[in-house]
Amino acid sequence: MQNLGIDVLFKGSNFVRLLDGMWVAVRISLVSVAISILLGLVMGILMTSENRILRAAFRIYLEIVRIMPQMVLLFLVYFGTTRVFGWNLSAEYAAVIVFSFWGAAEMGDLVRGALISIPKIQYESAQALGMAGSEIYLYVILPQAVRRLIPLSINLITRMVKTTSLVMMIGIVEVLKVAQQVIEANRRTSPNAAFGVFAVVFLLYFLICWPVSRLAGYLEKRWS
């Protein structure tokens, strides 16, 4: 244990601090995912609109999100906007804004893909039965789209949980920041602490993301 550097986690409250840091990352992810799902559902429906200008605007938004690294967005929101606009924005709120901005675009594209994957005969059959446009979406299209969307959206959740590791760059004390603090504090007494501590961090991320990933795979196979 000592050779692997895991012993430092049992000194004082190091392990509890590591769990607290993990909870910070998960909390940011959960809030961002909730906002992303709500905004993404609306965006996805609007992205299937026949309005070319509206579709083009959302396409530009999606491409910006995909091209620009999340770290640049974090710096832009937290350091840039606070200086330009002079508002007092906490690092955690800035992280939620950035991940929601990113997640909403990704979720919107997933919703768009799920909606357009529904065969046209479903729309035509519903119209032949005398159903109105809102009824077609509510009772025919959306239930089928949701079944296709859930596995993909679950994978987005795991990606968001892992990407929250970037928030340490704007001063948020999450799991990686705590890990660095523990390693630095025990650098002389436990030279191998980096291996042990980061191995535990890897295990924590695995324990959170693996069950979610397996759930997505299970649902995808069941509903395919």
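T81 touches L76, G86, W87 and L89, leaving aside residues up to four places away in sequence; a contact here means heavy atoms within 4.5 Å. The model is predicted, so local features need pLDDT of at least 70 and side-chain atom pairs count only at pLDDT 80 or more, while totals for chains, interfaces and linings use all residues. Residues are numbered from 1 along each chain as its sequence is written, and side-chain values use heavy atoms, without hydrogens or water.

T81 lies in helix α3, which covers residues 70–85. T81 counts as buried because its relative accessibility is 17% (buried is under 20%, exposed over 50%, partly exposed in between; 1.4 Å probe, protein chains only). Of the 224 residues of the protein, 40% are buried.

The protein contains eight helices and zero strands. From the N terminus on, the order of elements is α-α-α-α-α-α-α-α (DSSP runs: H or I of at least four residues for helices, E of at least two for strands).

The radius of gyration of the protein is 22 Å, whereas a compact globule of 224 residues would be near 17 Å (C-alpha atoms; rule, 2.2 Å times the number of residues to the power 0.38). The C-alpha trace spans about 75 × 45 × 25 Å along its principal axes. Among contacts between residues at least 6 apart in sequence, 75% join residues at least 24 apart.
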